[in-house]
Amino acid sequence: MELVAGAVLGLPLFHTSTIRAGENFIKTNKIEWISVIETPVENFIRQNEFVLTTGIGCHNEPEKLVAFVKDVIHSGASVLGFATGRFIFDIPASIVKVADQSGLVIVDIPWEVRFGDIVGKVMQLIMSDKLAQREEAELARQQLTNCVLNEKGLQDILQTLSKFVAFPTAITDNQSKLRARQNFSPDWFNETKLSEGTVSKMNRDETEAPNPLFHFIQVYNDHKKSIYQLAIINNHKTQGYLYIEANEYQLTWYAMNVLEHALTACALYFVKENAIELTEVRIKDNFVMQLAKQAQQTDQKLITKADMLGYDLTVPYICLVGHIAYKELPSFDNDRSENSSLHSQNYAIQKEITYAGELFEVNTMTTFEEGRVILFLESELDSYVEIVHSFLDKVERRMSELLKGIKITWGIAAPKSNPFSFSVLYSNAVLALRIGGSKQAVGSRTLYEDTKMDRLLMALAEEEEVRTIVNETLRVLLAYDNKRQTDLLHTFFIYKQHNGNVSQAARELNLHRQSLLHRLRNIEALTNLSLIDPDDAFLLELTSRIWKLQQLEEYDKG
């Protein structure tokens with residue numbers, strides 16, 4: 001495929017020439033260009049070049065001739081042809097030795113052979129080879145594209161790539177998870193290897209490497225080998241990475257063109273995979289949402305539909321609804337709806353839920369809605385409290401490392417018996433979340449069965465007479481709070497939480513003890529109730545809690 005020195009020196013034009021050095025390299029030294037040059041060399045010679053010279057600048061100066069040859073070697077030339085018989089009559093043994101050691105082929109060309117003829121014939125071979133390379137690269141493009149069109153995977157793409165370029169390759173996704181490899185050691189991807197390596201950009205002259213991919217190559221050097229990383233990009237988003245183990249001189253024009261076609265095939269594969277994943281996730285999101293929102297019987301038809309999506313509805317479930325909050329709102333670089341499981345934040349949460357489900361060997365069904373995560377978790381009903389806390393501990397511990405500052409407040413509901421309704425479970429979990437969220441700190445967990453008192457009060461609040469008593473008892477106090485921008489009602493709640501202990505309540509409110517006593521006297525005056533009298537204190541606490549639940553309901557409706 002590639003033009004080597006042996007093919008060039010086999011031309012009839014060189015039958016009278018003699019190979020003086022580097023004969024062992026004529027089958028491996030590649031020829032990509034030919035030029036005629038005299039001293040000085042400087043940067044006029046490119047990699048893999050056939051160099052012709054008369055040695056006119058080194059006539060009768062052996063040391064200068066040796067320096068010239070060393071400069072040619074340093075430039076990376078493949079063949080050096082001396083026209084002998086006018087300025088140079090014999091090639092010194094010292095030059096032959098240096099060339100043999102460096103892999104440079106030196107050819108003794110009779111003076112009578114014209115350089116113009118040599119350049120013309122060699123350029124014909126080079127152009128013919130370039131044409132063959134272009135045809136081979138086009139064949140690679142077709143076969144790599146067909147891998148995707150014929151429903152083949154990333155491993156098939158790498159196997160096809162290996163037919164055209166002979167170095168180890170690997171593909172990872174954008175999370176650096178290894179997806180496929182061809183003769184590439186998987187051990188390289190561990191963190192130790194990556195941390196030891198030095199990352200740099202490719203640095204090649206544009207005249208040597210016109211392929212634009214060179215500007216985007218990352219190089220990992222770990223003292224043993226060089227690994228080149230190319231990003232697989234689609235629609236300005238990195239889908240994954242292609243890794244190749246090679247030396248810089250293997251990254252020829254042909255190799256880079258084939259690699260460019262491989263990147264295109266990989267990008268097409270990821271687009272196809274993402275489209276399938278997007279469709280699957282949308283179907284699953286809709287299914288779980290329908291379970292939560294629509295009252296439906298868990299019959300054989302629903303069980304079969306769930307089974308097709310990988311869900312098992314024949315086992316008992318509890319429902320968890322979590323409100324997602326952050327200390328500082330992060331930014332997520334994606335265009336997914338925040339109700340989608342593919343939204344970056346939601347994807348990370350669902351990933352940890354799935355991981356915990358596998359760890360605990362339980363089924364999970366998850367979806368998202370308006371900043372909430374809805375989770376149905378498989379659990380035995382007689383031990384669900386212990387299971388749910390262990391499960392959430394695992395999820396939140398791992399999630400806090402991935403999403404800094406995240407806090408999820410949970411409402412949890414379990415069925416009282418089998419069979420059960422998923423929609424009732426969801427409604428109960430939402431109610432537990434609303435009640436717990438209004439009373440406890442962000443990140444708390446509230447069980448539906450622990451909200452009996454609050455549910456009783458909510459039921460009482462539906463009675464018209466109860467609403468009237470609440471209004472009459474708190475109207476003046478609430479007006480005072482609103483006008484003075486005080487929070488006497490909150491003060492009363494904290495006071496009752498500490499069972500009337502003034503010192504403890506003052507400490508939590510960050511008030512002086514006398515300041516708290518002053519506030520309590522204000523409350524008594526505004527409500528015309530005595531906090532010392534048990535009936536008055538009970539009436540104030542009861543009406544305050546009912547009022548708070550009424551506000552919660554109005555907020556949800558609004």
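The following legends describe close-up views of a predicted model.

**View 1. The aromatic pair F184 and W188 is edge-to-face.** A pair of aromatic rings is described by the distance of the centres and the angle of the planes. The structure holds 16 aromatic pairs. For F184 and W188, the ring centres are 6.0 Å apart and the planes meet at 85°, so the arrangement is classed as edge-to-face, the cut-off being an angle over 60 degrees. F184 is buried, at 2% relative accessibility, and W188 is likewise buried, with a relative accessible area of 2%. Both residues belong to one aromatic cluster together with F189, Y220, Y241 and Y243.

**View 2. The rings of F360 and F391 form a tilted pair.** Their centres lie 5.9 Å apart and their planes are at 55°, so the pair counts as tilted. The pair joins distant parts of the chain, with F360 in helix 9 and F391 in helix 10 (residues 384–402), 31 residues apart. F391 is buried, at 1% relative accessibility, whereas F360 is partly exposed, with a relative accessible area of 32%.

**View 3. A nonpolar surface patch is formed by Y355, L359 and F360.** Together, Y355, L359 and F360 present about 260 Å² of accessible area. F360 is part of helix 9, which spans residues 344–360.

**View 4. Charged side chains are placed over aromatic rings at W33 and F493.** The charged end of R46 sits over the ring of W33, at 5.1 Å from its centre. K548 lies over the face of F493, 4.9 Å from the ring centre.

**View 5. The peptide bond between T39 and P40 is cis.** Most residues other than glycine have a negative phi, and most peptide bonds are trans. From T39 to P40, omega is near -5°. P40 is located in the loop between strand 2 (33–36) and strand 3 (49–53).

**View 6. N60 adopts a positive phi.** The phi of N60 is about 60°, although N60 is not a glycine. N60 occupies the loop between strand 3 and helix 2 (62–75). N60 is exposed, with a relative accessible area of 66%.

**View 7. E361 adopts a positive phi.** E361 is not a glycine, yet its phi is about 60°. The residue E361 lies in the loop between helix 9 and strand 13 (364–369). E361 is exposed, its relative accessible area being 72%.

Notes
Residues are numbered from 1 along each chain as its sequence is written. This is a predicted model: local features need pLDDT of at least 70, side-chain atom pairs count only at pLDDT 80 or more; totals for chains, interfaces and linings use all residues. Side-chain values use heavy atoms; hydrogens and water are left out. Patches are made of residues with over 30% relative accessible area and no salt bridge: like charges are joined within 9 Å, nonpolar side chains (Val, Leu, Ile, Met, Phe, Trp, Tyr) within 5 Å. Accessible areas come from the Shrake-Rupley method with a 1.4 Å probe; for residues, only the protein chains shown count as cover. A salt bridge is a side-chain nitrogen of Lys or Arg within 4 Å of a carboxyl oxygen of Asp or Glu. Helices (H or I, at least four residues) and strands (E, at least two) are DSSP runs, numbered from the N terminus. Rings of Phe, Tyr and Trp (its six-membered ring) pair if their centres lie within 6.5 Å; planes under 30 degrees apart count as stacked, over 60 as edge-to-face and the rest as tilted. Buried means under 20% relative accessible area, exposed over 50%, partly exposed in between (1.4 Å probe, protein chains only). A charge sits over a ring if NZ of Lys or CZ of Arg is within 6 Å of the ring centre and within 35 degrees of the ring normal.
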